[in-house]
Amino acid sequence: MRPEALSELQIDAIREMGSIGAGHAATALAQITGRPVGIEVPEVRLLPVIEVPRALGGPETLIGAVFSRLLGEVSGSVLFAGTRGALLGLVDLLHNRPIGSTKTLGSDEESIITQTGFVLITAYLTAIGRLADLTILPSRPAFAFDMSGAVLDAIAADVGMKADTAILVQTAFSTEEERVDAVVLYMPDPDSLEVVLGRLGVV
């Protein structure tokens, strides 16, 4: 099911799904940091998967991404991604120190980002599952740092990605002092997107 084939009612349902998922993710992040974390969802957008690299700043933009396959009653993949600067900021936010303190993405930083990204992915999927009354679980996460086009190519080669539509949830996490921008990309296989929309009663 391609984006242009979706009705306005279906697109509204998907936007609502993204907003509710973001709320769950904010709660999870607040539990990790031990302090309130605000969240804004300035944009929930549907786009063809081939246009995802451009939405992330261009195919040659360096990004870090936490990737999981979808398990359970639907199939596909989900990605938590941010630019290098955003991910360094996320590490600072998690350590409760000023943005800009972390300068490099070493193994410790990759581990923190992977764990945090996985928690956020799980929060999103839990929200979608509850809303649609479906069991949706993430596989063990993997981290990649590369150009956005290369990251998407690697995922497609690894799992034989069938999705033609991506749901991009632009997400901004903030405390009173800091703000970190990232995205969650939900890429269900075509049949699975129809299953989710069917459970939401908008097929």
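How many bridges pair β2 with strand β3, and in which sense? I looked this up and found seven bridges, with β2 and β3 (residues 76-83) paired in the antiparallel sense. A reminder to myself: strands are DSSP runs of E, at least two residues long, numbered from the N terminus, and two strands pair if DSSP finds at least two bridges between them.

Ground rules for this notebook: the model is predicted, with local features needing pLDDT of at least 70 and side-chain atom pairs counting only at pLDDT 80 or more, while totals for chains, interfaces and linings use all residues. Residues are numbered from 1 along each chain as its sequence is written, and side-chain values use heavy atoms, leaving out hydrogens and water.

**Around β2**

I stayed with β2 and noted that three residues lie between β2 and β3 in their hairpin. Within this pair, I63 faces T83 of β3.

Next I checked β5 (residues 142-147), which runs antiparallel to β2 (residues 62-72) and is joined to β2 by six bridges. Here G64 sits opposite F145.

I also found β4 (residues 136-138), antiparallel to β2 with three bridges. L70 has P138 as its bridge partner there.

Technical notes:
Helix = DSSP H or I, 4+ residues; strand = E, 2+ residues; numbered from the N terminus.
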